[in-house]
Amino acid sequence: MTVREQPTASLPRFRHLQVPTSIRVFLHDPKAQVATIILLVVIFFAAFGPAIAPFGENEQNLRASLEGPSWTHLLGTDQLGRDILSRAMYGSRVSVSVGLIVVAIAAAVALPIGLSSGYFGGWVDAVLMRFVDTWISIPPIILILAIVAIAGTSLGNVMLAIGLASFPVFSRLLRALTLSLKAQDFVTAARSLGASDLRILIRHILPNTVQPLIVQGTLLVGVAVLAEAALSFLGFGAQPPQATWGNMIAEGFPVIRHSLWPTILPGALIMLFVLAANFMGDRLRDVLDPRLRGSL
Amino acid sequence: MSKFILARLLQALPVLFLVSILTFAGLELVPGDPLLAVIGPAQDGTQLSAEDVERIKEQFGLHGSLPERYFRYVEQVILHFDFGTSLQSQEPVTRVIADRMPVSLWLNGLALGLSIVLGLTLGLLAGVRPGTRGDLGVTFLAVVGVAAPSFWLAIGLIILFSVELGWLPTSGWVNPTSDPWEAAKHLAMPVFALSLGGVAVIARQTRSSVLEIRRQDYIVTARAKGLTSSAVLIRHVLKNSMLPVVTIMGLQFAALFGGSVIIERLFALPGLGRLAFDATLAHDFKILQGIVFLVTLVVIGANLLTDIVYGMLDPRIRYQ
């Protein structure tokens with residue numbers, strides 16, 4: 001990226017080329033503003049939820065069950081009289097960690113596959129890409145269910161399963177990036193200086209794939225959060241009484257005839273969080289890598 | 001064209017081979033002895049005799065060395081279309097799956113049809129008049145449809161149409177061939193909820209595709225020739241906008257089946273999705289193996305079909 005940097009004197013003329021400007025462009029976009037605010041609020045709740053939540057995660061008060069919003073319980077209570085707002089705050093911890101860990105798992109699996117497939121080509125590429133093609137053909141939810149059935153029901157296994165189900169997107173992206181990067185002059189230069197394949201891959205190619213990976217990772221956060229919520233709802237994720245947004249909807253569903261509050265809020269939070277992650281990914285893509293716009 | 005189709009069919013073969021390895025390996029990966037997963041730990045502490053173990057192993061096709069088991073598995077699946085015996089109900093997996101098939105075909109077929117019709121219509125309306133209120137509405141719907149959990153929207157439908165209005169039953173399955181009206185009432189909400197994600201994706205893709213095509217020179221030429229707006233729209237814009245949309249439709253097959261796991265559970269429909277859910281709960285790996293294999297086969301078939309349709313619509317693809 002140092003190539004793109006211009007001397008300070010020419011700043012006004014080349015404003016659109018400057019990295020800080022791209023951040024400014026990003027923050028001037030209304031969609032990006034909304035996304036940033038939502039994500040910051042959710043991350044804040046995830047980090048400080050236990051400290052600021054008015055009630056405990058599983059603090060029951062059966063006399064106050066299924067109440068609507070009041071000053072004591074700002075967003076009402078569920079059938080066990082637990083404070084919905086507090087539980088939603090605790091639940092945000094699960095969603096944020098699911099988003100981050102799933103992306104990390106998917107990237108970790110995809111890195112060796114995508115890099116070597118693109119770099120070595122030939123039969124390595126053929127074998128690895130056939131494997132990825134096959135993996136993609138299995139519908140993700142079925143794949144996740146199969147992994148959960150084998151590994152057992154827990155939040156950790158669900159994250160592992162979602163990560164494993166979603167790595168092909170990353171590996172295809174990495175393969176395409178590596179293919180174009182390995183043909184560039186700086187790779188030829190490194191090779192003529194005697195750099196090994198491993199060194200070229202790690203020191204020269206990998207750093208140049210980071211930006212597109214961040215964009216794809218942000219978009220995957222939304223997918224991961226939706227998948228975890230669906231699996232929690234089905235009962236395969238974190239087990240009750242742990243508060244996750246999916247669990248909260250599952251627990252609220254049987255009492256929808258009496259109160260809608262336990263169901264509406266967690267669903268709306270999932271939607272907002274996924275929406276924010278998608279907006280963020282779209283806008284980051286436009287700002288960081290205009291070449292990829294609309295192509296993925 | 002036949003050469004293109006043949007080439008695509010040949011490309012699918014290694015994928016099929018890998019699917020067989022993966023589904024087979026899945027069962028082998030079950031921690032501990034798969035046999036223990038079958039019969040469960042001995043409750044009364046009695047030990048099974050070696051002959052009993054052999055007999056049960058043979059019954060479920062778990063005897064022999066690893067390569068032996070794999071080749072037997074492939075032979076059974078390919079030659080006899082036999083996926084073994086359900087670990088739970090002890091019925092043939094093929095029959096259990098076949099029993100659930102009609103429900104899944106109705107649900108997924110109708111949902112796919114609805115998402116294509118609704119998605120194309122909305123996307124076209126939005127793309128033809130960008131910036132209008134209609135366009136904003138469609139864009140909003142597409143954004144929400146992708147971000148909102150389908151089961152949450154489905155609960156919203158239940159609250160509105162079952163609890164508040166009392167128009168539709170909350171759950172259950174009625175065979176459309178025996179009582180079409182009741183079946184329609186039972187299927188309306190699940191089909192709609194299942195198709196929402198697809199509607200959103202297809203509408204979004206159609207919209208951007210239409211916007212792109214409308215800028216092309218040949219559209220200007222068509223207008224300049226004096227064609228009516230509807231002729232330009234149908235013969236030029238719609239046909240050429242379909243290309244990327246066809247790809248999306250192929251991908252929707254896999255997405256639909258994933259969605260049906262949760263929608264069938266919510267609306268108590270006895271389809272394949274529900275079967276996959278129950279099999280996961282019961283650790284019935286044989287059923288899961290069969291479902292993964294069959295559904296993947298359908299997805300591969302759908303992708304193949306998509307590619308062929310794509311090749312028919314766009315000659316450039318055939319000669320690549």
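I started with A:Ser117, which is found in helix α3 (residues 84-120) of chain A; helices here are DSSP runs of H or I with at least four residues, strands are E runs of at least two, and both are numbered from the N terminus. This is a predicted model, where local features need pLDDT of at least 70, side-chain atom pairs count only at pLDDT 80 or more, and totals for chains, interfaces and linings use all residues. Residues are numbered from 1 along each chain as its sequence is written, chains are lettered from A and ligands numbered from 1 in the order in which they are written, and side-chain values use heavy atoms, with hydrogens and water left out.

**A:Ser117.** Buried or exposed? I get 1% relative accessibility, so A:Ser117 counts as buried (buried is under 20% relative accessible area, exposed over 50%, partly exposed in between, with a 1.4 Å probe and protein chains only). Setting aside neighbours within four places in sequence, I found A:Ser117 in contact with A:Asp125, A:Leu128, A:Met129 and A:Arg175; contact means heavy atoms within 4.5 Å.

**Chain A overall.** I looked up the secondary structure of chain A and got 11 helices and zero strands. Of its 296 residues, 52% count as buried. For contacts in chain A between residues at least 6 apart in sequence, 69% join residues at least 24 apart. Chain A exposes about 13,800 Å², with 67% of that supplied by carbon and sulfur atoms (Shrake-Rupley areas, 1.4 Å probe; for residues, only the protein chains shown count as cover).

**Interface.** Next I checked how chain B meets chain A. The contact takes 43 residues from chain B and 36 residues from chain A. Between them the two chains bury about 3,500 Å², 85% of it on carbon and sulfur atoms; buried area is the accessible area (1.4 Å probe) that two parts lose on being put together, summed over both. The rule finds one salt bridge across this interface. The side chains of A:Asp282 and B:Arg204 meet in a salt bridge at 3.4 Å, N to O (a Lys or Arg side-chain nitrogen within 4 Å of an Asp or Glu carboxyl oxygen). On the chain B side, the elements giving two or more residues include α1, α6 (133-147) and α12 (285-313). The largest share of that side, eight residues, comes from α12(B).

**B:Leu13.** I ended in helix α1 (residues 2-28) of chain B, where B:Leu13 sits. B:Leu13 has a relative accessible area of 48%, so it counts as partly exposed.
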